[in-house]
Amino acid sequence: LSRHYDDWKDNSIITHRLSAVLLERYGMLLKEEPQEIIKKELLESWAVYAHYLSLTRDIDVLPLLMPFLEYKTQIRDPRPANFYIPGELPSLPSPYRVCDVALDAILTILDGNVRTAYQNIGIPLSVSEKHTTQTGEEFQIQKSPSVEQMTSWRDTMIIKLKARLATLKE
């Protein structure tokens, strides 16, 4: 879906049709309240289909995803390790939380590109570490952020996203 997004991104009829297919097939799960999904131990299944639902870019499914921003329950990243879509972040190390899945899904719907959304909010996708050689020369190494850094940044993003979503409702 993401490869052809530019062909239909401005056509709400297509986005609705795409989400309708997923909601028809997986609506029992995607339309369920978070508490019920947790009770039934279906969070990881929900996460997989929430990710697919986000790829439709249908803004009308936001109310189905928004309640999950409140749940910090840890789950495995729903995307397989070899699954990478241009513009999306590669899988981050565990712990991955339900609210992170909802965050990425909502940002995908609103912005079409999670990587850009993270950068626009000021979240670095890599961090620099300063090192010194034995001869005293300084150099920097780029590395992925730690789980703790990403968790903190995502919590900040969730707060900003909630404010953004509140303005969309008005």
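**Exercise 1. A residue in a loop**

Where is the place of Glu 41? Work that out in this predicted model, then describe the backbone and the exposure of Glu 41.

*Solution.* 
Step 1: Go to the stretch between α3 (34–39) and α4; Glu 41 sits in that loop.
Step 2: Look at the backbone angle. Glu 41 is not a glycine, yet its phi is positive, at about 55 degrees. Here's the background: most residues other than glycine have a negative phi.
Step 3: Check the surface. The relative accessible area of Glu 41 is 73%. Exposed means over 50%, so Glu 41 counts as exposed.

**Exercise 2. Another positive phi**

Find the loop that holds Arg 57, and decide: is Arg 57 buried or exposed?

*Solution.* 
Step 1: Arg 57 belongs to the loop between α4 and α5 (62–65).
Step 2: Its phi is near 65 degrees, which is again a positive value in a residue other than glycine.
Step 3: Now the accessibility. Arg 57 has a relative accessible area of 9%. The cut-off for buried is under 20%, so Arg 57 is buried.

**Exercise 3. Reading the chain from end to end**

How many helices and how many strands are there in the chain, and in what order do the elements run?

*Solution.* 
Step 1: Count them up, and you get eight helices and four strands.
Step 2: Start at the N terminus and write the elements down as you go: α-α-α-α-α-β-β-α-α-β-β-α.
Step 3: The chain has 170 residues, and 39% of them are buried. Take the contacts between residues at least 6 apart in sequence: 63% of these join residues at least 24 apart.

**Exercise 4. Helix α6 and its partners**

At what angles does α6 meet α4, α7 and α8, and which residues make the contacts?

*Solution.* 
Step 1: Take α4 (residues 43–54). This helix packs against α6 at an angle of about 10 degrees, and the axes are 8 Å apart. An angle under 35 degrees counts as roughly parallel, so that's what we call α4 and α6. On the α4 side you'll find Leu 43, Trp 46, Ala 47, Ala 50 and Ser 54, while α6 brings Val 98, Val 101, Ala 102, Ala 105, Thr 108 and Ile 109. Sorted by class, that gives nine nonpolar residues, two polar and no charged ones.

Step 2: Move on to α7 (residues 114–121). Its axis comes within 8 Å of the α6 axis, and the two cross at roughly 95 degrees. Angles of 65 to 115 degrees are called roughly perpendicular, so α6 and α7 get that label. Leu 103, Asp 104, Leu 107, Thr 108 and Asp 111 of α6 meet Val 114, Ala 117 and Tyr 118 of α7. The classes here are five nonpolar, one polar and two charged.

Step 3: Finish with α8 (residues 147–169). The axes of α6 (residues 98–111) and α8 come within 11 Å, crossing at roughly 45 degrees. That makes the pair oblique, and the crossing is left-handed. From α6, the residues in contact include Cys 99, Ile 106 and Leu 110; from α8, they include Met 157, Ile 158 and Leu 161. In this contact you get ten nonpolar residues, no polar ones and five charged.

**Exercise 5. Zooming in on Thr 108**

Which residues does Thr 108 touch, not counting residues up to four places away in sequence?

*Solution.* 
Step 1: With 3% relative accessibility, Thr 108 is buried.
Step 2: List what it touches: Ser 54, Leu 55, Arg 57, Asn 113 and Val 114.
Step 3: Look inside the helix too. A polar atom of the Thr 108 side chain lies 2.7 Å from the backbone oxygen of Asp 104.

How values were computed
Residues are numbered from 1 along each chain as its sequence is written. This is a predicted model: local features need pLDDT of at least 70, side-chain atom pairs count only at pLDDT 80 or more; totals for chains, interfaces and linings use all residues. Side-chain values use heavy atoms; hydrogens and water are left out. Axes are lines fitted to C-alpha atoms, for helices over the stretch in contact, and angles run from 0 to 180 degrees between N-to-C directions. Angles under 35 degrees count as roughly parallel, over 145 as roughly antiparallel, 65 to 115 as roughly perpendicular and the rest as oblique. A crossing is left-handed if the near helix is turned anticlockwise from the far one by less than a right angle, and right-handed if clockwise. Contact means heavy atoms within 4.5 Å. Ala, Val, Leu, Ile, Met, Phe, Trp, Tyr, Cys and Pro count as nonpolar, Asp, Glu, Lys and Arg as charged, and the others, Gly among them, as polar. Buried means under 20% relative accessible area, exposed over 50%, partly exposed in between (1.4 Å probe, protein chains only). A polar contact is a pair of N or O atoms within 3.5 Å; within protein, one must be able to donate a hydrogen and the other to accept it, and residues adjacent in sequence count only if both atoms are side-chain atoms.
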